[in-house]
Amino acid sequence: MTAPTDGSPLRTPIFRAIWSANMCSNLGLMVQAVGASWMMTELGGSPQMIALVQTAASLPTMLLALVAGAVADSYNRRNVMLAANGFMMATALVMALCAWSKILSPSSLLAFTFLLGCGSALHNPAWQALVGEILPRSALSSASALNSIGFNVARSLGPAIGGLIVSLGGALAAFFVNAMSYTGLLAVLVRWRPKASPDSLPREKFVPAMGAGVRYVTLSPMLMRLMCRALLFGLAASVLPATMPLIARDLVKGGAMTYGILLASYGAGGMIGALGSAYLRRLMAAEAVAAFSAICLAMAAALVSLASYLPIILMAHMMAGAGYVVAFSTYNVSVQLSAPRWVAARALALYQMAAFAGIALGSFLFGTIASEMNIVTALRAAAVLQIASVVAGMRWPIVVNENQDLSAAEWAPPQDSPVGEAIHGPITVQIDYEVRHEDRDAFLTIMNERGRIRRRDGARRWMLLRSLSAPGHWTEKYEVANWEEYLRHNRRRTNEDRSNFQSIRMLTVGVSPPIVKYFEVQTFG
């Protein structure tokens, strides 16, 4: 079921149900985060150990994102979400039991936080890719903004509720609330029965599927640029979330409730940013939005390092929260608009891997600086690094064409497909072209782009050969693992790629379309 192109994604019942239940589970996770961070403080954890709570929550996304993306692209995404949320619910219950038994230590607290992060790492790519299935492409930007709003509503209310729960019932109550927060999402997913999309090809094997995702991203210049920019931005943006307990305790001289208020202010800023992100993207180019967000975060970190007055620090946290959400929602939408559906979860997973790698590394870096030097130095270092991300944007700007058609191009298997034959070796594909001498340079330029597309979609050993005996005769040659991979390779071609293929045909003479020949590589011994 899809939403009308002129309406809110919330008009689609299943999106509305999952979005609402997901917001509740995020609320529980925020309550748990308050309990975990404050418990680490009560257990006598060093500034570095306190900052590592966020690292433990972020690290699984960096380590498991590609695996999670391959799972989400290869298996039923609803089932993946069911498994991920069931695992998180079980982990939160065991964590609550350990807190009740008073056997939690700083190391076990980090371990449980890491496991919850693993469940979240599995859930997120499946959910974000599923949005592209249940909503039209035109609604993706609004859906991304709504997801950010839902998360930041939870982040605004969660810390305040979490601070109250922790102050009244301790970490045990926070962990139990988190466990119960998954019940709504699990109930929605159990009741939902989406129609399965028929696929004539077998499911892609797991390891090759991961390789295909990495290959697609590394051979897509804009996606690679987005990954690098997200990593750099996340590295600097991590400072306030990572050191917030220290800001509450050391700069403001407060307790758990103060920490909750800081988190609520940060979340409220995030909600404002989510509400305004779609408007900003309509008003400004993606690069301008990213630069604006980075400047907001740099100013916020510098302001907190200079102030000790709580209202000013709250204002800075709100500014940082808004900038954080606007930037990452812009990166997220840009990735979704730059990747076709067959690889969407893997592209989003790699983006999350880059972003969370920056957050995890930044949390460790600034926690270490705060521990070895002081928190003020850590905040100022982060502000300088965030300005560096703005400078990087001047050299490597984000440019996304929202009108490009990344839907699968129509393609019919060749009539001489070797159906039923035992094909064991790799398949070599050969395509011959006749090109006029005056069109040679244009042909080479277009074929260079064609080679990138071929390699991106799974071709190996791609090459272009020129005949020495007939200078106008050219041969394109590449290899795939087997016939199934050849079919998969061609089905990955998008309508956006068709212009390249059509340009080649316009420059060739003689037989059109060119004759394609297939060879099975023979092995001996």
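The axes of helix α13 (residues 344-372) and α14 come within 7 Å and cross at roughly 145°. Axes here are lines fitted to C-alpha atoms, for helices over the stretch in contact, and angles run from 0 to 180 degrees between N-to-C directions. Helices (H or I, at least four residues) and strands (E, at least two) are DSSP runs, numbered from the N terminus. The model is a predicted one: local features need pLDDT of at least 70, side-chain atom pairs count only at pLDDT 80 or more, and totals for chains, interfaces and linings use all residues. Residue numbers run from 1 along each chain as its sequence is written, and side-chain values use heavy atoms, with hydrogens and water left out.

Back to the pair: α13 passes α14 in a right-handed crossing (left-handed if the near helix is turned anticlockwise from the far one by less than a right angle, right-handed if clockwise). On the α13 side, F366, I369 and A370 make the contact, and on the α14 side I375, T377, A378, A381, A382 and L385 do, contact being heavy atoms within 4.5 Å. Sorted by class, these residues come out as eight nonpolar, one polar and no charged. Ala, Val, Leu, Ile, Met, Phe, Trp, Tyr, Cys and Pro count as nonpolar, Asp, Glu, Lys and Arg as charged, and the others, Gly among them, as polar.

Helix α14 (375-395) turns up again around a cavity, where α8 (221-237), α9 (239-251) and α11 (286-306) also each supply at least two lining residues. This is the second largest cavity, with a volume of about 50 Å³; the whole structure has five cavities of 30 Å³ or more. On a 1 Å grid over the protein atoms alone, a cavity is a set of points where a 1.4 Å probe fits but cannot get out, whereas a pocket is an open set with protein on both sides within 12 Å along at least five of seven lines; lining residues have an atom within 4 Å of a point. Grid points are joined across faces, edges and corners, and a volume is the space filled by probe spheres set on the points. A236, A237, V239, L240, L297, A298, A301, A382, A383 and Q386 line the second largest cavity, giving nine nonpolar, one polar and no charged residues.

Then there's the second largest pocket, at about 600 Å³. Its lining runs to 23 residues, with W411, R493, F501, R505 and P513 nearest the centre. Two or more lining residues come from each of β1 (427-435), α15 (440-456), α16 (483-491), α17 (498-507) and β5 (516-520), and α17 gives the largest share, five residues.
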